[in-house]
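Biologist: I would like to go through this structure and ask how each description is reached. Please put it up first.

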Amino acid sequence: MFRYLSQRIVVLLIAFFGITIIAFSLIRLAPGDPITLLLGERSVSEELRKEMTANLGFDKPLITQYFLFIYQGLQGDLGTSVITKRPVVDEFFQRLPATLELGIIALLFAITVGMPFGICAAVKRNSFFDYFTSFTSLAGYSMPIFWWGLVLIIIFSVHIHILPVSGRMNLMYDIEPITGFMLIDVWLRGEGMPAFIDVLKHLILPGIVMGTLPLAVITRMTRSSMLEILKEDYIRTAHAKGLTNMRVIGIHALRNALIPVITVIGLAFGSIITGAILTETIFSWPGIGRWLVLSVTQRDYPVIQGGIVIIASMIIMINILVDTTYAIVNPKMRKQT
Amino acid sequence: MPLLEVKNLTVRIETLKGSLSAVDNISFSLTEGEVLGIVGESGCGKSMASYALLDLLPPFSSLEAQQLSFLNRDLLHASHREKRNLRGKDITMIFQDPMTSLNPSFTIGFQLRESIMRAEHNKKKGWRKRAIELLKHVGISEAHERLDSYPHELSGGMCQRIMIAMAIATRPQLLIADEPTTALDVTIQAQILKLLQSLQKEFGMAMILISHNIGLLAHMANRVMVMYAGQIMEMGKTEDIILRPEHPYTQALLAALPENYSNTKHRTELPSIPGLVPDLAHRPTGCQFHPRCKEKFDRCEKELPELKEHNKRKIACHLYDPPSTKLT
């Protein structure tokens with residue numbers, strides 16, 4: 001198990017450095033630069049422009065800039081935003097809870113709906129329910145997120161008026177964040193039930209939109225994994241022991257079928273952080289997704305490269321965590337050294 | 001009173017080629033404490049017949065029968081719940097490949113406990129003691145540690161012993177052993193068979209032993225049923241069938257035993273039955289065995305022989321059944 005994990009870690013470290021190079025260079029390849037955007041339409045002298053560039057450190061050769069970025073980055077300093085002049089790390093962690101809160105809700109939705117549907121579809125294979133599930137999850141998988149989000153807003157917010165269009169909570173509540181998770185903060189600030197329900201209402205639509213893709217993937221994965229397991233000899237043994245159907249499926253089959261599903265859930269969590277970019281833009285959600293989109297339009301180099309690197313490291317850590325869980329769930333992996 | 005009574009059992013499997021009868025109209029019975037051996041090549045419906053008894057048929061298959069009763073209880077019209085209550089309690093089963101028949105994600109103790117609970121009315125305490133007792137009973141040393149082992153940490157023989165321990169946990173009336181030694185080493189095979197034999201005597205339980213090795217049944221079974229293409233070819237007391245086989249198929253099976261081969265020094269090749277078991281979608285006409293039979297004649301191709309009493313056994317072969325038209 002130690003060897004297995006250390007191998008995984010080496011591979012992921014290599015991937016990490018690849019990501020820093022891409023994050024660093026891609027935005028610099030795009031036309032435009034932060035200085036021009038900062039200056040706007042004002043005409044300034046060439047000297048002043050050079051001075052500003054030098055102040056921000058963009059006058060150094062690209063290689064130097066890159067190594068400086070890595071060197072400082074490894075010490076926990078990812079630079080400061082060109083626009084707000086605040087450290088990138090601070091800006092990131094201030095916005096992260098909003099994204100995490102949404103992501104966790106989305107993933108919970110995907111798991112609690114996806115796994116039961118996947119299991120039932122496998123058990124009732126080739127039934128109407130199975131075809132319905134397969135069709136719906138394929139539709140969910142292929143649907144463009146931004147379109148789906150807008151459709152839901154039109155139906156539930158514009159026409160039936162039961163859910164809010166955007167934002168994290170109603171403007172009448174002015175809650176200073178403590179943990180950053182509004183579902184918790186409303187209680188810590190003593191706002192009570194009405195505020196909690198309001199926050200929850202704001203989470204429903206973006207949660208569904210963000211959870212749709214993972215939902216489709218989890219459903220399909222659970223179904224196919226379950227189908228595979230139900231053919232196994234030990235399932236026949238479990239039936240021969242006279243166990244109830246519930247127990248055979250819910251315990252004997254599910255425990256084995258979960259192994260690949262856990263991997264998918266872990267990866268889905270990674271994809272949720274990236275999925276945040278679209279969802280947060282549609283729903284004006286003040287998380288890291290929208291922050292990144294904004295900084296791209298402003299060519300805020302330190303924010304873009306820093307943000308991407310933090311997200312990448314988080315996804316890498318999730319991957320390691322998934323691999324470890326995988327080893328714990330699967331006894332065959334556990335005993336190998 | 002017969003323990004098990006099966007009359008005209010047919011098992012159909014729905015496939016893309018149409019509906020196939022994997023088990024074709026077979027009847028047999030079993031008395032208490034009796035060992036019935038079922039023999040035949042692979043794909044002859046031996047396992048299917050036993051799965052039908054336990055309601056364990058794979059998807060897309062169904063059974064028809066005139067009678068199917070166990071201890072005078074009608075299994076044909078029993079609810080799923082009634083049949084499930086019988087399974088793993090009064091009728092238990094062990095399978096061909098012990099390594100894949102145990103769930104890889106649960107400890108031996110967990111899996112054994114499920115069987116013990118079936119017998120002891122979900123009594124939660126004391127299962128560990130009973131589990132250790134059972135493991136010792138089937139010849140597993142260090143039973144204590146084994147309870148916390150996972151199946152992949154044990155050998156095939158050990159896994160089969162654990163399957164047997166699970167199967168006897170409820171003191172069943174009938175144990176169905178579906179090729180219990182096929183996946184094991186030859187040395188282990190003998191041990192497992194001895195264990196099954198001694199447990200059968202000790203508990204006085206009836207046993208259906210399925211095998212493709214007719215020699216193995218000679219030591220174990222009271223009666224032998226020879227199956228081919230889902231049908232019974234010959235059935236009778238073991239000594240009659242093994243010592244004086246009359247059906248050409250039974251004779252061919254016996255001749256194909258390597259033990260018999262070593263007695264005849266002049267052969268250079270292992271004897272085998274030429275040809276293959278028929279594809280169920282393209283069954284031959286007449287007697288199912290005729291394309292491979294050494295003694296076939298015209299009638300075999302045209303007419304399906306009936307299973308009839310002949311010389312202390314039941315046999316389905318035209319050799320022993322003069323046409324009724326000639327008699328009159």
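Biologist: How many helices and strands does chain A have?

Modeller: This is a predicted model. In it, chain A has 14 helices and zero strands.

Biologist: Why are H9(A) and H11(A) called roughly antiparallel?

Modeller: Their axes come within 8 Å and cross at roughly 155°. Angles over 145 degrees count as roughly antiparallel, so H9(A) and H11(A) are roughly antiparallel to each other. Their crossing is right-handed.

Biologist: What classes of residue make up the contact of H9(A) with H11(A)?

Modeller: That contact has 21 nonpolar and five polar residues, and no charged ones.

Biologist: What lines the largest pocket?

Modeller: The lining has 38 residues, and among those nearest the centre are His239(A), Leu56(B) and Pro58(B). Helices H9 (193–230) and H11 (245–282) of chain A are among the elements giving two or more residues, and so is strand E4 (61–64) of chain B. By class, 20 lining residues are nonpolar, seven polar and eleven charged. The pocket holds about 1400 Å³ of space.

Biologist: How do you know that such space is empty?

Modeller: A probe the size of a water molecule is rolled over the atoms, and this shows where empty space is left.

Biologist: What share of chain A is buried?

Modeller: Buried means under 20% relative accessible area, and 44% of the 337 residues in chain A are buried.

Methods. Residues are numbered from 1 along each chain as its sequence is written. Chains are lettered from A and ligands numbered from 1 in the order in which they are written. This is a predicted model: local features need pLDDT of at least 70, side-chain atom pairs count only at pLDDT 80 or more; totals for chains, interfaces and linings use all residues. Side-chain values use heavy atoms; hydrogens and water are left out. On a 1 Å grid over the protein atoms alone, a cavity is a set of points where a 1.4 Å probe fits but cannot get out, and a pocket is an open set with protein on both sides within 12 Å along at least five of seven lines; lining residues have an atom within 4 Å of a point. Grid points are joined across faces, edges and corners, and a volume is the space filled by probe spheres set on the points. Helices (H or I, at least four residues) and strands (E, at least two) are DSSP runs, numbered from the N terminus. Ala, Val, Leu, Ile, Met, Phe, Trp, Tyr, Cys and Pro count as nonpolar, Asp, Glu, Lys and Arg as charged, and the others, Gly among them, as polar. Axes are lines fitted to C-alpha atoms, for helices over the stretch in contact, and angles run from 0 to 180 degrees between N-to-C directions. Angles under 35 degrees count as roughly parallel, over 145 as roughly antiparallel, 65 to 115 as roughly perpendicular and the rest as oblique. A crossing is left-handed if the near helix is turned anticlockwise from the far one by less than a right angle, and right-handed if clockwise. Buried means under 20% relative accessible area, exposed over 50%, partly exposed in between (1.4 Å probe, protein chains only).
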